[in-house]
Amino acid sequence: MRRAYFKNNWIAALVVAPQLMIIFVFFYWPTSQALYWAFTLEQPWGGGNEWVGFENFRTILNDGRYWDSVWVSCVYAFFTTALAMGMSLILALFADRQLRGYRFFRVGMIWPYAIAAPAVGLAFRFIFNPSAGVASYLNLAFPGVWDPILNGDHAMAMIVFAGAWKQVAYNFIFFLAALQSIPRSLLEAGAIDGARVLRRMLDIQLPLLAPTFFFVLVINITDSFTDSFGIVDTMTGGGPARATNLMVYKIYEDGFRGLDYSGAAAQSIILMVLVVALTVFQFRFIERKVHYS
Amino acid sequence: MIERTPVLNIATHAILAAGLIALALPIYLVFVASTQTLAEVTAIPSRLLPSDQFFVNVKAAWITADFGTKFVNSMILAVGVVTGKVVLSAITAFGIVFFDHRMRMPVFWLVFITLMLPLEVRIVPTYAVAANALSPFQAMLDWSGLTWLIEKATSIRVSMEWNLLNSYTGLILPLVATATGTFLYRQFFLTVPDELVEAAKMDGAGPLRFLREVLIPLSVTNIAALATIMFVYSWNQYLWPLLITTDPNYGVVAVELGRLVPDSSSTGGGIPNWHIAMAGTLIVMVPPIIVVIFMQRWFVRGLISADK
């Protein structure tokens, strides 16, 4: 720990004040407000609010539509995470061999991270459009086989592709960085013992990647629960028939379209608990248990 | 590694090339669509080779979506968030690391916890705060009975209001209210040797001078890293600007993009202008991609050290 400090504590107070002010107004206050709303029944924009205890939660948890939205969120989270992590892991493992063209490949895998969610959403919506994009080939060969506008499963597949595509670059950056921090001598020792490239990947690189793997896993799951709004809003609008009505999207719909602040707040609280639980799990459990160094 | 693996090398290149194609193909298709006419883009089966309408479509998208104004707004948003982050996180981390006071760890945790809950999950109440950024203080006055006291004493009813809807401040401030940057600086400041602090003190430098003339010059790479990821982050914001800006004069490009194609299920009401929408998509993609490619090193560095 540090030994040398400055003594002027009033300066310290002064420099941390702006940040604390901003997070108080735009983080802590709204978060506590969400709690307050979740346990009261309030009319939007003033009016009385009445303490209702867990009533808002009871309403939500008894609502079949809410559970549908939880279910589609889980489906979305599972498939996007699996797809994005699988693809980025394979690409990172092979890119790390640093054969010719390594730098070119590396840039090539990183840039998609820079693209905004609505842009990704629109692009994929065009590509998978049954009547205009490339998917029209599919429908020409087998009429009616692909229709994300009417078929909920197809719509889900569409947003999963878009979400995973967007996430690959992020995961790739982390996997590649972790692979490069593995000491070269370990791989050389493996090579001397007669382990070929693939064997070394399986038995040396993958196990050493475990901490990063779980870190990326948690980030991916959290992101697919919280950061999916742009894609859903530009691609499907939650439809068809609420088949892609993810939890974040439902909060937005209920809160801003339906003006049901209490319901939206209760849903926000549930989502917050979920996200915090994942983060705590990440810090407490994974950071400690999965360690090989 | 010194070993000959010709077959595996070919396989490696094939896998990497396949990955690259999978990532680049959607953008290629967007580009192709943006070069075609409406008839070409909706033809079945669609043409997979570029046509010659690119500049016509880009111009049409630029005018339809009023990208002139929106680009300026997106730029203001991005520069505002980047500046706010770079400055605020630096001084906060400075206050946490280089002073020995009891509030050090509580402040650190107060800031750190904000990493856990992204804006999206607390969107409804944050919006309500933005409608009146002084409402927290008003509520505290009301609760503590101060409002009542002041009203009794001076017969003036305190009512504070600061509406942030449709303003740059409202766009920027909530996006600055996270811990990303503070954490990044803190990690770096902790590695600054004690001797440097002692030397500065011996030379008679106060804390602010130390910050300005020692720490900031040392943190240039951190600043570059943070600035790059924050630029991409804020340029790509969608939900927050969508809610807070109803006045088109404050609209940003990412939100406007969503409006280029009408409602998601309205293909029955007419064919969307896909060619123009795709040209718009390309326009919106370009600035952050340029930043990421040119600032690649700092971008990667920023991402990796900000999240861990």
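Is Asn166(B) buried, exposed or partly exposed? In this predicted model, Asn166(B) has a relative accessibility of 22% and therefore counts as partly exposed, since the buried class ends under 20% and the exposed class begins over 50%. The residue is found in chain B, in the loop that runs between helix H8 (146-154) and helix H9 (168-176).

Gln98(A), although not a glycine, has a positive phi of about 55 degrees. Gln98(A) is placed in the loop between helix H3 (64-95) and helix H4 (102-110) of chain A. With a relative accessible area of 39%, Gln98(A) is partly exposed.

The size of an interface is often given as the accessible area lost when the parts come together. Chain A and chain B bury about 10,200 Å² between them, and 77% of this area is on carbon and sulfur atoms. On the side of chain A that touches chain B, helix H1 (residues 9-38) of chain A gives the most, with 22 residues. Sorted by class, that side of chain A has 77 nonpolar, 19 polar and 13 charged residues. In terms of contacts, 109 residues of chain A meet 118 residues of chain B. The count of salt bridges between chain A and chain B is zero, whereas 14 residue pairs are in polar contact across the interface, with both residues at pLDDT 80 or more.

One residue of chain A shows a contact with chain B in detail. Ser268(A) belongs to helix H13 (residues 261-289) of chain A, and its relative accessible area of 0% means that it is buried. When neighbours within four places in sequence are left aside, Ser268(A) is in contact with Ile251(A) and with Val121(B). By contrast, the C-alpha atoms of Ser268(A) and Leu198(A) are separated by 45 Å, these residues being 70 apart along the chain.

The aromatic residues form the next subject. Over all chains, the count comes to 48 aromatic pairs. In chain A, Phe54(A) and Phe57(A) form a tilted pair, because their ring centres are 5.9 Å apart and their planes stand at 50 degrees; an angle under 30 degrees would count as stacked and one over 60 as edge-to-face. The two partners fall into separate accessibility classes: Phe54(A) is exposed at 54% relative accessibility, while Phe57(A), at 10%, is buried.

A pair in chain B has another arrangement. The ring centres of Phe108(B) and Phe112(B) are 5.5 Å apart and their planes meet at 20 degrees, so this pair is stacked. Both residues lie in helix H5 (residues 104-113) of chain B, four residues apart, which is about one turn of the helix. Phe108(B) is buried, with a relative accessible area of 7%, and Phe112(B) is likewise buried, at 9%.

Ring pairs also extend into a cluster. Phe6(A) of chain A is linked in this way with Phe94(B), Phe98(B), Phe99(B), Tyr185(B), Phe188(B), Phe189(B) and Phe210(B). The cluster thus joins residues of chain A and chain B through their aromatic rings.

How values were computed
Residues numbered from 1 in each chain as written. Chains lettered and ligands numbered in written order. Predicted model: local features only at pLDDT ≥ 70, side-chain atom pairs only at ≥ 80, totals over all residues. Heavy atoms only, no water. Contact = heavy atoms within 4.5 Å. Buried area = accessible area lost by both parts, 1.4 Å probe. Salt bridge = Lys/Arg side-chain N within 4 Å of Asp/Glu carboxyl O. Polar contact = N/O pair within 3.5 Å; in protein donor to acceptor, adjacent residues only side chain to side chain. Helix = DSSP H or I, 4+ residues; strand = E, 2+ residues; numbered from the N terminus. Nonpolar A, V, L, I, M, F, W, Y, C, P; charged D, E, K, R; others polar. Phe/Tyr/Trp six-rings, centres within 6.5 Å; stacked < 30°, edge-to-face > 60°. Buried < 20%, exposed > 50% of the residue type's maximum accessible area, 1.4 Å probe, protein only.
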